[in-house]
Amino acid sequence: MFRHQAGRIVAHLARLLGPAQIDLAEETVQEAMLRALQVWPHQGVPENAAAWLFRVAQNVAIDAIRHRRILGDKTEAIVRELTRSAVFVDSDPDLEEQLRDDELRMIFMCCHPGIARDASVALSLKTVGGFSVREIARAFLADEAAIAQRLVRAKRQIRDQGLTLEMPRGPELRRRLDSVLEVLYFLFNEGYAAHEGEELIRQDLCIEALRLGGLLAASSIAEPRVHALIALMALGAARLPARVDEAGDLILLDDQDRGRWDGQLIALGFHHFDQSMTGEEATEYHVQAAIAATHARAAAAQSTDWPLILKLYDQLVAINASPVVTLNRAVAVAKVRGAGEALESIDPLENDPKLRDYYLRLAVRGHLLMELGRRSEAAACFREALACPCSEPERRFLRRRLGECENGT
Amino acid sequence: MSTFMLLLYDNPANIAQFQKMSPEEMQKAVEKYMAWGKKPFMVDFKRLAEDTGKVMRGERGGKPRTTDGPFSETKEVLGGYYTIEAADYDEAVKRSLDHPHLEHGGTIEVRKVWGT
């Protein structure tokens, strides 16, 4: 509740105080939560806790702007505005709508192309997501100081470029929506990647990406590709509970207990998948959602419709012929046309500067060589993969595979 | 059973910690503080207002001198107190070990109430 509420209060205050005052909005929310910590244990949790936080934050903000005189002669007008929304906070459905709108404006500003991507991501999480610097650092396996630096840079870019919380219009809206979706997709993928120890915070990233997607989907700018992105994220997130075993070891899609997939997220995914089909456009998100949906429809790994998945990967290559897509496609090629052809399809990736030393390329290659019975070559691949940067669960997985090559099991 | 007072002191370091906490951590802290107030050995607890307070000093043969409190942001400040029941100091300390105030770097002074 606090995390979500913090995000909306910051967004709301930033709209009223101006985007140059995000810091003040954040301090204000922190202060309101601190008051809750001091007061609630004595007086009990107020009946409408969210409204309580909201009102306290507004009062703190009013005190701060009167005291610090940062807004000059606009102060009293803004105080009036703050007071007005504080009165209605319990009962007004329009305010609820306004708050959602404030959050959207904030996301759109955070994802302005004038702000560097990594800074956009950090700023979205901090302001709308209600994550702390420490949590963001943990989620990205980064240094707290580096994240703090990114946030400072993002806020400076907002001030220097005079970015506003106005929603863009026309073709600009379309472009901005694209960059918002890219940020959400990035958030989701970061959360989805397997890393040691911080499973919880990373799931929070996936959930937050889904929540922000839901906010877009419920607004007037919900385009089919928004639904497609939500579908692919929800269907992917549904598999998270089955992805690691009790020892924290990775379990491949084929071996997952599908009973542990999250039924609610699958239902949500299919709901948005249907809605993504309403338009003419077929974006990368659409195709990826279709691939995720094909997996979700298979009750058992053996009944997966691999020919369909391969066809979808071919479409994906046509839209975006990235080496990573080629690598993922190889798994489908192996299922449909055999490991030999799959191996050939990834040969060119060996010369790709980004993928040459990517553990997953080597792991896929090793896997295909194993299927072809070329054990010693497969073992060499897994050994090479182990020398690449990867997380501890991934490393354990590679070691296990290497052991299988060497033992001939 | 004796009665003990737990005097909770805040210091600049633990206040700074609170200011850096995320909403999620704040919520967890609120829940912990609330749960602690409901412990079975609890008699009473109060938080002190965050103003500077007043300090009165008696002067021998003269009028007491009253000044604003000594509280500054560079010192430990008494922030609140709990009254709990326990058999002896050992038990009082043991019962207070999991108080969230300690987790966040605060100090707790444990004092037995005379005659209890």
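## Confidence and packing

The model is predicted: local features need pLDDT of at least 70 and side-chain atom pairs count only at pLDDT 80 or more, while totals for chains, interfaces and linings use all residues. Residues are numbered from 1 along each chain as its sequence is written, and chains are lettered from A and ligands numbered from 1 in the order in which they are written.

| Helix of chain A | Residues | Mean pLDDT |
|---|---|---|
| α4, lowest | 75-87 | 74 |
| α12, highest | 263-276 | 95 |

Helices α15 (residues 323-337) and α17 (residues 359-371) of chain A pack with axes 10 Å apart, at an angle of about 15°. Axes are lines fitted to C-alpha atoms over the stretch in contact, and angles run from 0 to 180 degrees between N-to-C directions. α15(A) and α17(A) are therefore roughly parallel (an angle under 35 degrees). From α15(A), A:Leu327, A:Ala330, A:Val331 and A:Ala334 meet A:Leu360, A:Arg361, A:Val364, A:Leu368 and A:Glu371 of α17(A); contact requires C-beta atoms, placed from the backbone, within 7 Å.

Between chains, 18 residues of chain A are in contact with 15 residues of chain B. On the chain A side, α1 (2-17), α2 (22-43) and α7 (133-139) each supply at least two residues. α2(A) gives the most, with 9 residues.

Technical notes
Helices (H or I, at least four residues) and strands (E, at least two) are DSSP runs, numbered from the N terminus. Angles under 35 degrees count as roughly parallel, over 145 as roughly antiparallel, 65 to 115 as roughly perpendicular and the rest as oblique. Two residues are in contact if their C-beta atoms, placed from the backbone, lie within 7 Å. pLDDT is the predictor's confidence in each residue, from 0 to 100.
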